[in-house]
Amino acid sequence: MLKTHAKYHLGQVVRHRTHPFRGVVFDVDAIFSNTDEWYAAIPEESRPKKEQPFYHLLAENADNYYVAYVSEQNLVADNSGEPVDHPDLPDLFGDFEDGRYPLHFRLN
């Protein structure tokens, strides 16, 4: 059954369930929309279902900043109250407030 609502929203801080990184949601795909090569590169035993929301994140770990593409099943809300330091955040969002980042632009 196809899920019709995304659990996380634009500007929300989330973290990966098992890997040590967190990020800010900047886009959501209702179902998997990346390449078959990307999907096949994930070990089969940990490959997520394609029929769920996938999130584009401005992500950070202890060493790097990057863009991540993560299934909903692998994310949890980050309630630490700590901002994310990704250098691209100001291009899309306003200042961190009340645990989230407000959008800088209007959506269609």
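Guide: Strands, like helices, are DSSP runs numbered from the N terminus, a strand (E) needing at least two residues and a helix (H or I) at least four, and two strands pair if DSSP finds at least two bridges between them. This is a predicted model, in which local features need pLDDT of at least 70 and side-chain atom pairs count only at pLDDT 80 or more, while totals for chains, interfaces and linings use all residues. Residues are numbered from 1 along each chain as its sequence is written, and side-chain values use heavy atoms, with hydrogens and water left out.

In E4, Tyr69 is the bridge partner of His56, and strand E3 (residues 54-60) pairs with E4 in the antiparallel sense over 7 bridges. Both belong to an open sheet of 5 strands with antiparallel pairing, in the order E4-E3-E2-E1-E5. Its edge strands, E4 (65-71) and E5 (75-77), each pair on one side only.

The largest nonpolar core has 10 residues, among them Val14, Tyr55, Leu57, Ala59, Ala68 and Val70; such a core is a set of buried Ala, Val, Leu, Ile, Met, Phe, Trp, Tyr and Cys residues joined through side-chain atoms within 4.5 Å, where buried means under 20% relative accessible area, with a 1.4 Å probe and protein chains only. E3 and E4 each supply at least two residues of this core, and its largest share, 3 residues, comes from E3. Taking contact as heavy atoms within 4.5 Å, and not counting residues up to four places away in sequence, Val14 touches residues including Tyr8, Val25, Leu57 and Leu75.

Notes: Buried < 20%, exposed > 50% of the residue type's maximum accessible area, 1.4 Å probe, protein only.
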